[in-house]
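Hi everyone, thanks for coming. Let me put the sequence and the structure up on the screen, and then we can walk through a few details together.

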Amino acid sequence: MTSPMTLLLNRIRDNLKTSDIPIKSRLPDASIPEPFIVIGSHFDDDAPSGKTGYEVLTTDLQIDLFYSIDSRTALEDEIYNVKLLIKHATPQITRVTSNTITDDSVGRDVYHVIFIVSAII
């Protein structure tokens, strides 16, 4: 039996694959050029719903976009496109937030966009 989290991950991954950006399961080494997306960790919460009192399982999934530092406007267009692909993956997704920073964790300065995807699973 496939878990609800696996189904959510598969739907998001499949939607993101329709873009030209490669999808990785972990941060690649410095030989891999940007852009690329890393589907990362998630945090689950099974707190009772305030409305019904029934347990509701929600998750916050981190997705990271690493992008060349060359063009901020091209980056903003890509952020918009990635958000749309994530949001349209499944109606389970309730919110997508993002934070853009510069980062050198891949061995050079890049834009690093951290998406937090909130969903009911």
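Let's start with a question: which side chain meets that of Glu76 in a salt bridge? Keep in mind that this is a predicted model. The partner is Arg72, with 2.8 Å from N to O. Both residues sit in helix 2, 4 residues apart, which is about one turn of the helix. An α-helix has 3.6 residues a turn, so residues three or four places apart point the same way.

Another one joins Glu34 and Arg108, whose closest N and O atoms are 2.8 Å apart. Glu34 belongs to the loop between strand 1 and strand 2, and Arg108 to the loop between strand 4 and strand 5, so this pair ties together parts that are 74 residues apart in sequence. Glu34 is buried, with a relative accessible area of 17%, while Arg108 is partly exposed at 27%.

Then there is the bridge between Arg13 and Asp14, at 3.0 Å from N to O. Arg13 is partly exposed at 28%, and Asp14 is partly exposed at 40%.

Now please look at helix 1, residues 4-16. Which of its residues are buried? They are Met5, Leu8, Ile12 and Leu16. Seen down the helix axis, these buried residues fall within an arc of 65°, so they line one face of helix 1. What covers them includes helix 2 and strand 3, among other elements.

Conventions. Residues are numbered from 1 along each chain as its sequence is written. This is a predicted model: local features need pLDDT of at least 70, side-chain atom pairs count only at pLDDT 80 or more; totals for chains, interfaces and linings use all residues. Side-chain values use heavy atoms; hydrogens and water are left out. Helices (H or I, at least four residues) and strands (E, at least two) are DSSP runs, numbered from the N terminus. The expected span of a helix is 1.5 Å times one less than its number of residues. Buried means under 20% relative accessible area, exposed over 50%, partly exposed in between (1.4 Å probe, protein chains only). The arc is that of the directions from the helix axis to the C-beta atoms. Contact means heavy atoms within 4.5 Å. A salt bridge is a side-chain nitrogen of Lys or Arg within 4 Å of a carboxyl oxygen of Asp or Glu.
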